[in-house]
Amino acid sequence: MSTWRHNTSPSIVVGPTFDFDAYVANVTNYVPEPFALPASVFGRRSPKSDSMAVHSSALLPPSFSAAERSKPKLLKPRSLPSSPPPIVSLHHHRRQRKTLRILASVSVSNPEVRTSPDDLVASILSKVTQTDRGVLLKNEEHEEVAAVAEELQKYCVNEPVTCPLIFGDWDVVYCSRPTSPGGGYRSAFGRLVFKTKEMIQVVEAPDIVRNKVSFSAFGFLDGEVSLTGTLKALDDKWIKVVFEAPELKIGALEFRYGGQSEVELQITYIDDKIRLGKGSRGSLFVFQRRHY
């Protein structure tokens with residue numbers, strides 16, 4: 001005869017023939033056939049035990065047979081919750097929202113990284129168009145032009161001096177110092193007398209540079225000043241142009257005056273639309289290709 005003992009849990013009876021794993025599997029409906037203990041273990045049932053079995057049957061699954069109701073009253077193990085606790089779920093959503101905010105900030109804070117040279121070219125032209133070649137701009141607007149020019153410099157081709165795009169006809173659309181192109185004709189007093197109509201630079205192969213400033217004197221007398229020079233490359237970015245004495249045409253008059261002059265210019269950007277240059281004194285030039 002087997003000897004029974006109770007384990008530390010008052011609600012579960014443990015015996016030598018008791019298979020607890022099979023019991024848990026049966027109660028949670030994972031094993032199709034319920035386990036059964038031998039009837040001899042419990043001996044003869046009394047009316048009191050029948051009553052207990054009736055009451056305990058409410059705790060057992062409907063699939064249990066009548067014979068199984070004769071077993072001792074056992075407590076049904078509490079199953080674990082099928083979903084994580086709410087606090088874990090809230091923490092998960094909170095972390096997800098935080099991640100989305102970080103991604104949004106990255107996409108907004110880096111628009112400059114994706115700016116193309118074409119966008120920068122369009123930007124700088126929009127800032128200098130109809131400004132009388134920079135004369136009408138305020139100091140902060142000059143700074144904006146310089147900032148875009150500095151960005152464009154990052155996209156400049158290697159050895160721009162030898163780039164064939166340098167040749168062609170160019171409009172001088174901007175200069176950070178009004179008197180740099182055109183000399184005295186573009187000074188504060190000169191602009192009162194001579195209204196600038198065009199300012200053109202022509203670069204011809206292999207090394208000819210022609211500058212021309214056309215104007216209207218006193219509002220009714222057309223004239224122009226032209227210079228012809230020879231281009232010499234100083235390195236892969238800097239050029240020097242030696243100009244002959246300027247030639248002045250006004251009305252029916254035409255004559256030369258002054259003597260030779262020379263300028264040095266760094267090519268900081270060039271493409272099929274614009275060319276940027278910086279003079280030896282720091283003046284910034286924007287040239288736009290002419291299309292006939």
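1. Some ground rules come before the details. Residues are numbered from 1 along each chain as its sequence is written, and side-chain values use heavy atoms, with hydrogens and water left out. Because the model is predicted, local features need pLDDT of at least 70 and side-chain atom pairs count only at pLDDT 80 or more, while totals for chains, interfaces and linings use all residues.

2. Start with the largest pocket, which holds about 950 Å³ of space. Its lining has 37 residues, and Ser-180, Pro-181, Asn-211, Phe-243 and Val-263 are the closest to its centre. (A pocket is an open set of points on a 1 Å grid over the protein atoms alone, where a 1.4 Å probe fits, with protein on both sides within 12 Å along at least five of seven lines; lining residues have an atom within 4 Å of a point.)

3. Several strands (E runs of at least two residues in DSSP, numbered from the N terminus) give two or more residues to that lining, including S4 (194-204), S7 (238-243) and S10 (261-270). S10 gives the most, with five residues. By class, the lining of the largest pocket has 20 nonpolar, 11 polar and six charged residues.

4. Next, the salt bridges (a side-chain nitrogen of Lys or Arg within 4 Å of a carboxyl oxygen of Asp or Glu): the whole structure has nine. Arg-290 pairs with Asp-171, with the closest N and O atoms 2.6 Å apart. That pair links the segment after S12 to strand S3 (residues 168-175), 119 residues apart. Arg-290 is buried at 18% relative accessibility, whereas Asp-171 is partly exposed at 22%. (Buried means under 20% relative accessible area, exposed over 50%, and partly exposed in between, with a 1.4 Å probe and protein chains only.)

5. Arg-290 also forms a salt bridge with Glu-198, at 3.6 Å between the closest N and O atoms. Glu-198 lies in strand S4, so this pair ties together parts that are 92 residues apart in sequence.

6. Phe-218, Phe-220 and Leu-221 make a nonpolar patch of about 360 Å². (Patch residues have over 30% relative accessible area and no salt bridge, with nonpolar side chains joined within 5 Å and like charges within 9 Å.) Phe-218 sits in the loop between strand S5 (208-217) and strand S6 (221-233), and Phe-218 is exposed, with a relative accessible area of 60%.

Methods:
Areas by Shrake-Rupley, 256 points an atom, 1.4 Å probe, with all protein chains shown as cover. Helix = DSSP H or I, 4+ residues; strand = E, 2+ residues; numbered from the N terminus. Points joined across faces, edges and corners; volume = space filled by probe spheres on them. Nonpolar A, V, L, I, M, F, W, Y, C, P; charged D, E, K, R; others polar.
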